[in-house]
Amino acid sequence: MNSREFSNHLKTDNVKINDPFWNKINETVRTSVIPYQYLALQDKVEGAEKSYCIENFIKAGRVAKKLRQGIESQKFPIDKWVYDEKNSDENAFHGYVFQDSDVYKWIEAVGYSLQNYPDSDLEEKANKFIDIICNAQLDNGYLDTLYIINDIDKTFTNLKDWHELYCFGHMVEGALSYYNATGNRKLLDAACRFADLICDTFGEDKIKGYPGHEIAEMALVKLYNETGKNEYLKTAKFFIDERGKRPYYFDCEKGTKSTAENYHYNQAHIPPRMQREAVGHAVRGVYLYSAMADIAKAYDDNELFNACKSIWNNIENKKMYITGGVGSTVDGEAFSFNYDLPNDLAYAETCASIGLIFFARRMAENEINSRYADVMERALYNTVLSGMSQDGKSFFYVNPLEVLPEASNSDSRKRHIKPVRQKWFSCACCPPNLARLISSLNEYIYTENDNTLFVNLYIGTELDCGKAHITVTSDYTESGKVAFKIDCKKPFTLALRIPGWCGKYTISEKFDIKNGYAFIKIRESVNISIEFKTDVKIIKCSNRVRANVGKAAVTRGPFVYCVEEADNGNNLQMLRLSDSPDFKYENGIIFAGGFREKEDDALYSEYKSPDLEECIIKFIPYYRWGNRGENEMSVYIRI
């Protein structure tokens, strides 16, 4: 069997989630996160940082109306990363240069939510936003509020920094989600007009530029898949192929001359086909790598796929936290050097783990290998879920593995580490990104090709496809038990992922293991039961990770656990796991035997064995930390 066997993900309308763990989270996103973000985008959340997002579209709509009437609009400088009332005119654009993208991600989340849970009131709210957005579009299809408000003559003159193509990418993804949910083409038609303008502007005999912040590439592939218009796919491939060529386009834009080191941040230092290591801004990186995997599949391009595979290996084996977090340094929100995974300085942006999930699914669609879904699951159940509070009204941008509130408040090196979730962010990429991923989770559970249905995530679902109608009842996160009721329509092969964390399992039917999946021939309707043994495990990392020498993490099933001050007192560094911890699991909590080292106030003294007191150490799932006020937290514990 050739392991590079293509598959496609099943779409939302084929898969309905009904799962004891995920139902509650989906309900929180639907009834709390999406409505809360609707208010935040309009600056109606008291005490939260301002978004300016909808305000900018309203301003841009006024300018667009003037331009259509032949009236010249006042111009403002385009020279900053972020604009506010203090540094710019009240009539100018406000917010970050990519502020438009927040509402597009919100609309995408709404679209997926409506596919799962029809809601006329929510649809009406989204339609009002879409009307405001489309009113701002220019006659030639261009739509970016920064340039429309401040200076339309400067469009496409700074691709490296000012995010026009990035905002376009999110516009497309939001438009597609909303169209598929409602049949309303208004935003999709606007996105296609903008896409047509981009295809007419960029190419071999046109502008040889490419996005500074990637996502347009992924979006154009999606738009091609929806419309069948080949120009969209060709332009996506052009952006990939042109990136990193010399002379650097970003130098040509500015009339400067740079070395490769200047463009690691943008993954534009060398052509993507030559890249073998994850570098630069982590979110940009995983968005690029996702698009590379898309193009590798669309063109059956082994050279490009091999580059993806090398980058994947580098992330999974040398640059990923045990929680599925990536991008370890605050300096550039970036991938650092190999094995540089500090706990208390970790950046691990929520968006980066979401992008890693995008990359993982696309790699799984290129090649049969359970490792991709293993990472998808790790990031999903840990870093992504950590990104929002249990009530859905506050969020983490950064997901550290160790927190000391005093350090966050006093040490400038750790100011990015927040001991409590925030109501909103002026740079608010993470909350709507999280909402759109969880709302579209249906599309990450299964992939299929002509002969085989692959089960990548064990989430309770009703699945209907050409092969079968399948009801999955899942207690995966608690007991590890999953049941499949298969009403067969035609013979096919069912491929069940064996989770990387699982050492022992039972499956009620005969199977063959290939590339981490258990393959079962389905010739008639059948019930299949599975049990994955969910033992508590102590996991160490490479001793090349300096922060964790002499420490380990505790896991159970897909979850990484942590200790919090609320359960274990302060000075968590004093805790030590026993050699025989006698783990006990109760309702999501793990109790373990251990010791607390007595405090020593002497700054220096001659070494002697420390005084230890026996104690019971309480562990909670990492994604649940920070829901009980400001307190210490640590994933790794001394052993």
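**Ground rules**

I number residues from 1 along each chain as its sequence is written, and side-chain values use heavy atoms, with hydrogens and water left out. Because the model is predicted, local features need pLDDT of at least 70 and side-chain atom pairs count only at pLDDT 80 or more, while totals for chains, interfaces and linings use all residues.

**Entry 1: aromatic rings**

I began with the rings of Phe, Tyr and Trp (its six-membered ring), which pair if their centres lie within 6.5 Å; planes under 30 degrees apart count as stacked, over 60 as edge-to-face and the rest as tilted. My search of the whole structure gave 43 aromatic pairs. In one of them, the rings of phenylalanine 156 and phenylalanine 202 have centres 5.3 Å apart and planes at 85°, so I noted the pair as edge-to-face. This pair links distant parts of the chain, 46 residues apart. Phenylalanine 156 is in the loop between α5 (145-150) and α6 (164-182), and phenylalanine 202 is in the loop between α7 (186-201) and α8 (216-227). Helices here are DSSP runs (H or I, at least four residues), as are strands (E, at least two), and both are numbered from the N terminus.

Phenylalanine 156 is buried at 10%, and phenylalanine 202 is buried at 2%.

I then looked at tyrosine 210 and tyrosine 249: their ring centres are 6.3 Å apart and their planes at 55°, so this pair is tilted. It also links distant parts of the chain, with tyrosine 210 in the loop between α7 and α8 and tyrosine 249 in helix α10 (residues 249-254), 39 residues apart. Both tyrosines are buried.

Ring pairs also join Tyr142, Phe156, Phe168, Phe194, Phe202, Phe238 and Phe239 into a cluster.

**Entry 2: charges over rings**

My rule here asks for NZ of Lys or CZ of Arg within 6 Å of the ring centre and within 35 degrees of the ring normal. The charged end of lysine 237 sits over the ring of tyrosine 299, 5.4 Å from its centre. Arginine 361 lies over the face of tyrosine 444, at 4.6 Å from the ring centre.

**Entry 3: cysteines**

How many disulfides are there? Taking a disulfide as a pair of cysteine sulfur atoms within 2.5 Å, I count 0. Cysteine 541 has its nearest cysteine sulfur, that of cysteine 562, 16 Å away. Cysteine 541 is partly exposed at 21%. For cysteine 562, the nearest cysteine sulfur is that of cysteine 615, 16 Å away. Cysteine 562 is buried, with 0% relative accessibility.

**Entry 4: helix α1**

Where is helix α1 (residues 22-40) kinked? I found a kink of about 35°, centred on valine 29; the bend at a residue is the angle between axes fitted to the seven residues ending there and the seven starting there. Its buried residues include Trp22, Ile25, Val29 and Tyr36. The buried residues of α1 pack against β2 (15-17), α3 (100-116), α4 (120-135), α14 (370-386) and α16 (430-439), with contact meaning heavy atoms within 4.5 Å.

**Entry 5: alanine 278**

Alanine 278 is in the loop between α10 and β5 (280-281), and at 0% relative accessibility it is buried. Leaving aside neighbours within four places in sequence, alanine 278 contacts Tyr289, Ile311, Asn314, Ile315, Lys319 and Phe335.

Most residues other than glycine have a negative phi, and most peptide bonds are trans. Here a cis peptide bond joins arginine 246 and proline 247, with omega about -5°. Proline 247 lies in the loop between α9 (230-242) and α10.

Aspartate 43 has a positive phi, near 60°. Aspartate 43 is in the loop between α1 and α2 (53-68) and is partly exposed at 25%. Phenylalanine 156, back from my first entry, has a positive phi of about 55°.

Strands pair if DSSP finds at least two bridges between them. Strand β8 (residues 446-448) and β9 pair in the antiparallel sense over 3 bridges, and a hairpin joins them through 3 residues. Tyrosine 446 has valine 455 in β9 as its bridge partner.

β9 and strand β13 (residues 492-497) pair in the parallel sense over 4 bridges. There, valine 455 has leucine 496 of β13 as its bridge partner.

In a regular strand the side chains alternate between the two faces of the sheet. In β9 (residues 452-455), Thr452 and Phe454 point one way and Leu453 and Val455 the other, and all are buried.

Terms used
Buried < 20%, exposed > 50% of the residue type's maximum accessible area, 1.4 Å probe, protein only.
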